[in-house]
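Hello,

Here is the structure I said I would pass on. Please look through it first, then read the notes below it.

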Amino acid sequence: MSQTQLYPVVMAGGSGSRLWPLSRVLYPKQFLCLKGDLTMLQTTVCRLNGVECESPVVICNEQHRFIVAEQLRQLDKLTENIILEPAGRNTAPAIALAALAIKRHNPDSDPLMLVLAADHVIQNEEAFRVSVRDAIPYAQSGKLVTFGIVPDLPETGYGYIRRGGVCAGQADSVAFEVAQFVEKPNLETAQGYVASGEYYWNSGMFLFRAGRFLEELNKYRPDILHACEQAMQAADPDMDFVRVDEDAFLACPEESIDYAVMERTADAVVVPMDAGWSDVGSWSSLWEISQHTPEGNVHHGDVISHNTQNSYVYAESGLVTTVGVKDLVVVQTKDAVLIADRNQVQDVKKVVEKIKADGRHEHHIHREVYRPWGKYDSIDTGDRYQVKRITVKPGEGLSLQMHHHRAEHWVVVAGTAKVTINDEVKLLGENESIYIPLGAHHCLENPGKIPLDLIEVRSGSYLEEDDIVRFADRYGRV
């Protein structure tokens, strides 16, 4: 590879509603461990091992910032490299923000950008890396490269790319000119695409120079570029994050990179990739790419199956059993259970729409909620009381805060708690407890070397999370 700098750009937005109940608005699929021990975001970053590149630039929604930061920190890839979107505006604006940020850090050069999605599975990672290395000379020469997945079946859930002639200008060319982007086809059309050998699945992965992308965006959608430039001009660095100007970015039109640039530019080329790719767009696709038992089942967690075939069974917090069934998807979480025909899981999103329309919360947030300082699990709720298990990571702490409508009792289960109530500071060990009166200024810290676990009992007339006034916070949430 040439000495040209290469910046991976990982798009980590999206809600992944088709993988409900595991995927929720505040904790969508890209942050879950769906295959292996790493999350999908972490797997995407680790897939770059063996490709000479800079630390990744990750683009995510504001409300996911601490999840992304923690997952990058675990990989030692947290380098003030997270761009926060105030709201989703599709892929063209997101990639434009990244391109502008990369150009800002490299004013005298035009680095390459490898645009990836955080929620894809690629089973043959070396084949992925080979395709990336093969595509670099084309991107260096000014082409806008998209990666086309070699199809192994007539999939109707993906868009397709029809290839044209072999791309000239490179010895032993592995790229083709893009003849056409086509929408998701019906089954008969998809069968024709696959039989022709001229079509690839549209992967949504790209490689190009940052400046070249901005030039083409300016040519075809100057309104998007202008809005993103305005948003980046007022960007506010905040710890590991880059916050763009909210008003300017919200004024940006929503548009995909395909519609904004790739379908219009004369410099689009496609590099085939045959690497066991999936966008994991449904429970059935996750079943397909997972390791099966001899009966064709996929088990995750505490599962016992008898006379069960070709089913996906996921147990998060308890024993799940199946008897005499086939072709099912069963997903159990702490607050919801999904049972679906494996051939109809595309309609899970309709259940999510119904949950949302009914004013429920199960589409939005899990019972167990992650925070920058740790996590909490809502164990029980009743009339005027709520019980939570709280875990605070070593060296971390909650904000200095107060509540208008509730008092709290804290009981330390494990670790050491440093508790401040008004101007008094106390250290609590295991099996010790403390009372937080309504209206008291208080904070909780873990000064120790092991996680702090405690039980919190709330009592009062209003117990929701928005009854909080912060006075000081190490995570910039005041």
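**Strand pairing and the sheet**

Strand β22 (residues 385–392) and strand β29 (residues 452–460) run antiparallel and are joined by 8 bridges. One of the pairs can be found by residue: Val392 has Leu452 in β29 as its bridge partner. Please keep in mind that this is a predicted model.

Both strands belong to an open sheet of 6 strands, with the order β20-β21-β22-β29-β24-β27 and antiparallel pairing. At the edges are β20 (368–371) and β27 (433–436), each of which pairs on one side only. From one strand to the next, the twist averages 20°.

**Two helices in contact**

How do helix α3 and helix α7 lie relative to each other? The axes of α3 (residues 91–105) and α7 (residues 222–233) come within 9 Å and cross at roughly 50°. An angle between 35 and 65 degrees counts as oblique, so α3 and α7 are oblique to each other. The crossing of α3 past α7 is right-handed.

On the α3 side, the contact is made by Ala92, Pro93, Ala96, Leu97, Leu100, Ala101 and Arg104. They meet Ile224, Leu225, Cys228, Glu229, Ala231, Met232 and Gln233 in α7. Sorted by type, the residues of this contact are 11 nonpolar, 1 polar and 2 charged.

**An annotated domain**

The unreviewed UniProt entry places "domain: MannoseP isomerase/GMP-like beta-helix" at residues 301–354. Over residues 301–354 the chain in the model is 13% helix and 41% strand.

Regards

How values were computed: Residues are numbered from 1 along each chain as its sequence is written. This is a predicted model: local features need pLDDT of at least 70, side-chain atom pairs count only at pLDDT 80 or more; totals for chains, interfaces and linings use all residues. Side-chain values use heavy atoms; hydrogens and water are left out. UniProt positions are given in the numbering used here, feature names are shortened, and annotations may be inferred rather than shown by experiment. Helices (H or I, at least four residues) and strands (E, at least two) are DSSP runs, numbered from the N terminus. Two strands pair if DSSP finds at least two bridges between them. Axes are lines fitted to C-alpha atoms, for helices over the stretch in contact, and angles run from 0 to 180 degrees between N-to-C directions. Angles under 35 degrees count as roughly parallel, over 145 as roughly antiparallel, 65 to 115 as roughly perpendicular and the rest as oblique. A crossing is left-handed if the near helix is turned anticlockwise from the far one by less than a right angle, and right-handed if clockwise. Contact means heavy atoms within 4.5 Å. Ala, Val, Leu, Ile, Met, Phe, Trp, Tyr, Cys and Pro count as nonpolar, Asp, Glu, Lys and Arg as charged, and the others, Gly among them, as polar.
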